[in-house]
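Here is a short report for a first look at this structure. Please keep the sequence and the model in view while reading.

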Amino acid sequence: MTGAQDAPGPAGAGAAGVDPAAPAAPAVLAALRAETLRRLTALGAGVADVVEAAQGANTDDEHDPEGATIAFEREQLRALAARARAQLAEIDVALARVAAGTYGRCEVCGEAVGAGRLEARPTASRCIRHA
Ligand SMILES: [Zn+2]
């Protein structure tokens with residue numbers, strides 16, 4: 001028997017390129033903004049439709065079940081539109097923060113908000129501790 005079989009492993013470098021949360025955010029935010037705008041437009045059209053239907057129905061909400069449904073739908077659409085508008089405002093704030101170079105930093109402590117958090121919520125302006 002000659003020698004031990006000690007096979008030296010291949011000199012492979014296992015250095016994983018750690019990217020320090022490079023904010024590819026502007027693209028994400030732009031896409032999000034476009035999507036939200038589209039949703040808002042669709043909702044606006046929906047509200048107009050429902051309002052028109054309500055006017056065309058020529059009935060009072062009190063007694064006609066359909067009138068109540070229309071009122072309900074209108075309320076739903078209005079709530080959705082309000083949410084979309086609020087999100088749009090958040091996105092605009094986030095974009096302003098990108099322009100100012102403060103995006104991805106907590107507005108309270110200045111620490112990094114965290115890539116995972118930004119991925120889940122691209123408009124986050126605070127770290128998880130100050131959320
Ligand atoms: Zn913070």
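## Contacts of Ile91

Ile91 touches Leu29, Leu32, Arg33, Thr36 and Thr123, leaving aside residues up to four places away in sequence. Contact here means C-beta atoms, placed from the backbone, within 7 Å.

This is a predicted model: local features need pLDDT of at least 70, side-chain atom pairs count only at pLDDT 80 or more, and totals for chains, interfaces and linings use all residues. Residues are numbered from 1 along each chain as its sequence is written.

## Nonpolar cores

Ile91 belongs to the largest nonpolar core, which has nine residues. Buried means 20 or more other C-beta atoms within 10 Å of the residue's own; exposed means 12 or fewer, and partly exposed lies in between.

Helix 1 and helix 2 (65–100) each supply at least two residues of this core. Helices are DSSP runs of H or I, at least four residues, numbered from the N terminus. A second, separate core has five residues, among them Val50, Ile70, Leu77 and Ala84.

## Glu35

Glu35 sits in helix 1. Glu35 counts as partly exposed because it has 13 C-beta neighbours inside 10 Å. Glu35 and Ala84 are 49 residues apart in sequence, and their C-alpha atoms are 9.8 Å apart.

## Confidence

The chain's mean pLDDT (the predictor's confidence in each residue, from 0 to 100) is 80, and 75% of its residues reach 70 or more. Over residues 9–22 the pLDDT is below 50. Where pLDDT is low, the predicted coordinates should not be read in detail.

Definitions and conventions:
Two residues are in contact if their C-beta atoms, placed from the backbone, lie within 7 Å. A nonpolar core is a set of buried Ala, Val, Leu, Ile, Met, Phe, Trp, Tyr and Cys residues joined through C-beta atoms within 7 Å.
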